[in-house]
Amino acid sequence: FLQIWILPERDGLAPSYEQRHFPADERFGALRLVASKDGREGSVRIHQDADLYATVLGAGATAPHALRPGRHAWLQVARGRCDLNGILLDAGDGAAVSGETSLRLTGVRDAEAVLFDLA
């Protein structure tokens, strides 16, 4: 269980809450969009220019992600161990990414992680 707080894009928005289950098979070996500003691909809506992806990676499984110019990322590893562009991360680790256009997330030891694609 991860509780995530994201500041809204502006003050005065009415509080809201969404909850949705994303089956493991939709996240296994891929980055599954779980939250976005526009709710695309069945994701929950958030009031911020951010896309949140969840993944479950077995050892050796890879999930690539392209960052548009000027965007940043944060990776939070919930369990296991993974490699992000050559850097090993364990459960509880987080990594900030700026100045990259291509991310390569690889499972080292059955990993579960959340990737934040941020403005």
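A strand here is a DSSP run of E residues, at least two long, and strands are numbered from the N terminus. With that in hand, we can walk through this structure, which is a predicted model.

**Two residues in loops**

Let's begin with backbone angles. Most residues other than glycine have a negative phi. Glu41 is not a glycine, yet its phi is positive, about 55°. You will find Glu41 in the loop between β1 and β2. Asn85, also a residue other than glycine, has a positive phi near 50°. Asn85 sits in the loop between β5 (72–84) and β6 (87–90).

Are these residues buried or exposed? Glu41 has 56% relative accessibility, so it counts as exposed. Asn85 has 35%, so it counts as partly exposed.

The table puts the two side by side.

| Residue | Phi | Relative accessibility | Loop |
|---|---|---|---|
| Glu41 | about 55° | 56% | between β1 and β2 |

Now look at β3. Why is β3 described as largely enclosed by the rest of the structure? Eight of its eight residues are buried, so the rest of the structure largely encloses this strand. Both of its faces are covered.

Which strands pair with β3? One is β1, which joins β3 through three bridges in the antiparallel sense. Another is β8, which runs antiparallel to β3 and is joined to it by eight bridges. Ala54 of β3 is a handy landmark here: Arg32 stands opposite Ala54, and the bridge partner of Ala54 in β8 is Val114.

**The largest pocket**

Finally, let's turn to empty space. Rolling a probe the size of a water molecule over the atoms shows where such space is left. The largest pocket in this model has a volume of about 1500 Å³. How many residues line this pocket? There are 33, and those nearest its centre are Leu2, Ile4, Tyr17, Glu18 and Val44. The elements that give two or more residues to this lining are β1 (32–36), β2 (44–45), β3 (50–57) and β8 (102–118). Sorted by class, the lining holds 21 nonpolar, seven polar and five charged residues.

How values were computed. Residues numbered from 1 in each chain as written. Predicted model: local features only at pLDDT ≥ 70, side-chain atom pairs only at ≥ 80, totals over all residues. Heavy atoms only, no water. 1 Å grid on protein atoms, 1.4 Å probe; cavity = no way out; pocket = protein on both sides within 12 Å on 5 of 7 lines; lining within 4 Å. Points joined across faces, edges and corners; volume = space filled by probe spheres on them. Helix = DSSP H or I, 4+ residues; strand = E, 2+ residues; numbered from the N terminus. Nonpolar A, V, L, I, M, F, W, Y, C, P; charged D, E, K, R; others polar. Buried < 20%, exposed > 50% of the residue type's maximum accessible area, 1.4 Å probe, protein only. Pairing = 2+ DSSP bridges.
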